[in-house]
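Subject: Structure handover

Hello,

Here is the structure I promised to pass on. Please open it alongside this note, and then read on for what turned up.

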Amino acid sequence: MWKFLLPFAAFIALAVLFAFGLNPKRDIHALPSPLIGKAAPLFTLTDVSDPTRIVSNADLKGQVYVLNVWGTWCGACRQEQEALMNIANLKMVPIIGLDYMDERAKAKQWLDQLGNPYTAVAFDTDGRTAIDWGVYGAPETFLVDGNGRVVYKFISPITTEIWQREFVPRIEAARRGGA
Amino acid sequence: MSAIAVCRRGIVRGSAALMIAVAVGVGALGMPGAAVRALDAYGQIEDPALQARFEHITSQLRCLVCQNESIADSNVELASDLRRQVREMLLAGKSDDAIYAFMTDRYGEFVRFNPPLEPKTLLIWGAPFVMLIVGAGIIYRVARQRSRLPLDDEPSAGPT
């Protein structure tokens with residue numbers, strides 16, 4: 001009995017491991033964020049198109065908002081832009097942009113050409129805010145609740161389907177949560 | 001749609017040519033595979049003890065863009081930004097633990113090549129020993145079974 005069962009059990013264990021590990025849909029680069037459930041790191045930066053204007057998420061206290069990390073060097077961000085415009089038109093929550101490792105002139109041109117879905121765009125000159133948020137690529141999109149806690153992080157380009165499926169229920173839950 | 005359509009910012013501007021020059025130089029010396037450290041504009045830390053700690057810490061932190069490279073070795077901009085962070089924290093008198101904590105608070109345990117032994121990392125640290133015990137058990141059983149079998153050149157006692 002054991003002679004049959006043991007190899008069989010080993011086979012099942014390996015099959016389960018491979019099914020998980022070799023799943024082509026699994027993004028091995030998408031790492032769980034340790035920020036989930038923690039206070040969103042505060043930043044005070046300047047506006048991407050107006051260096052004299054301050055953009056800070058401290059002003060958003062009590063509000064549910066989205067932080068979208070992007071850069072003009074990032075092709076996937078261009079791919080995401082149309083969906084972001086559609087999402088912005090829903091006017092559900094403020095979308096704050098974090099322009100990462102970029103140049104102001106290029107960013108300005110990008111927003112003029114592709115449209116600006118953002119309530120405000122903070123310019124992360126030296127990548128320090130991105131480090132605080134654990135950013136390691138772009139695009140990355142964070143959802144912050146009214147208590148200033150990070151609720152969700154999505155890595156890779158957002159689509160309206162992902163918005164409806166992952167973000168909308170969490171936004172509603174955050175609002176019901178008395179925030 | 002591929003889930004991996006995420007951008008990772010590439011090699012630090014200006015250092016690419018230098019890296020190639022260094023790599024060619026190293027290659028010419030007949031030392032392929034010799035460790036080529038990523039280069040920063042900052043140079044060495046004056047205090048050799050701090051520089052040694054800097055080198056150790058950056059070699060223990062994973063570059064999340066390349067994942068199998070440490071931030072000491074990687075040339076992507078994020079690694080460069082993280083080296084700057086480590087350097088500043090060292091110069092500010094922060095302890096190694098404080099620097100590791102800073103990184104794991106932001107990027108998770110995955111950022112450490114050498115995660116500390118604690119309940120949630122028990123499986124990683126324990127797995128080799130579990131496998132060793134399981135393997136030893138299998139070998140023991142097989143060896144004991146075989147030792148009960150008669151040797152080929154011994155005449156068998158029983159009927160053939």
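Predicted model: local features only at pLDDT ≥ 70, side-chain atom pairs only at ≥ 80, totals over all residues.

At 1.5 Å a residue, 15 residues should span 21 Å, and the end C-alpha atoms of helix 3 of chain B are 21 Å apart, so the two agree.

Now the rest of chain B. It has five helices and zero strands. Along the sequence the pattern reads α-α-α-α-α. Of its 160 residues, 33% count as buried. Among contacts in chain B with a separation of 6 or more, 56% are between residues 24 or more positions apart.

In the loop between helix 2 (48-60) and helix 3 of chain B sits Ser74(B). Ser74(B) counts as buried, because its relative accessibility is 0% and the cut-off is under 20%. A polar atom of the Ser74(B) side chain lies 3.3 Å from the backbone nitrogen of Val76(B).

One salt bridge inside chain B deserves a look. Asp96(B) and Arg53(B) meet through their side chains, at 2.7 Å from N to O. Asp96(B) belongs to helix 4 of chain B and Arg53(B) to helix 2 of chain B, so the pair ties together parts 43 residues apart in sequence. Both ends are partly exposed: Asp96(B) has a relative accessibility of 25%, and Arg53(B) has 28%.

Next, the interface. The contact draws on 26 residues from chain B and 30 residues from chain A. Which three residues supply more than any other three of the area that chain B buries against chain A? They are Cys7(B), Arg9(B) and Arg106(B), with 24% of that area. Together, chain B and chain A bury about 2,500 Å², and 57% of this is on carbon and sulfur atoms.

Two salt bridges cross between chain B and chain A. One side-chain pair in a salt bridge is Arg128(A) with Glu88(B), at 2.8 Å from N to O. Asp126(A) joins Arg128(A) and Glu88(B) in a network of salt bridges. Four residue pairs are in polar contact across the interface of chain B and chain A, both residues at pLDDT 80 or more.

Two helices of chain B, helix 3 (77-91) and helix 4 (96-107), each supply at least two residues of the side that touches chain A. Helix 3 of chain B gives the most, with seven residues. By class, that side of chain B has 13 nonpolar, four polar and nine charged residues.

On to chain A, starting with its backbone. Most residues other than glycine have a negative phi, and most peptide bonds are trans.

- A cis peptide bond joins Ala138(A) and Pro139(A), with omega about -5°. Pro139(A) is in the loop between helix 4 (128-132) and strand 6 (140-144) of chain A.
- Lys91(A) is not a glycine, yet its phi is positive, about 55°. Lys91(A) is in the loop between helix 2 (75-89) and strand 4 (95-100) of chain A. Its relative accessible area is 68%, so Lys91(A) counts as exposed.
- Met101(A) is not a glycine either, and has a positive phi of about 50°. Met101(A) is in the loop between strand 4 and helix 3 (104-114) of chain A. At 9% relative accessibility, Met101(A) is buried.

Last, the salt bridges within chain A. The count over all chains is ten. In one of them, the closest N and O atoms of Lys153(A) and Glu140(A) are 3.0 Å apart. Lys153(A) is in strand 7 (residues 150-155) of chain A and Glu140(A) in strand 6 of chain A, 13 residues apart. Both Lys153(A) and Glu140(A) are buried.

Glu166(A) and Arg170(A) form another, also at 3.0 Å from N to O. They are four residues apart in helix 5 (residues 160-176) of chain A, so about one helical turn separates them. Glu166(A) is buried at 19% relative accessibility, whereas Arg170(A) is partly exposed at 28%.

Best wishes

Definitions and conventions:
Residues numbered from 1 in each chain as written. Chains lettered and ligands numbered in written order. Heavy atoms only, no water. Contact = heavy atoms within 4.5 Å. Buried area = accessible area lost by both parts, 1.4 Å probe. Salt bridge = Lys/Arg side-chain N within 4 Å of Asp/Glu carboxyl O. Polar contact = N/O pair within 3.5 Å; in protein donor to acceptor, adjacent residues only side chain to side chain. Nonpolar A, V, L, I, M, F, W, Y, C, P; charged D, E, K, R; others polar. Expected span 1.5 Å × (residues − 1). Buried < 20%, exposed > 50% of the residue type's maximum accessible area, 1.4 Å probe, protein only.
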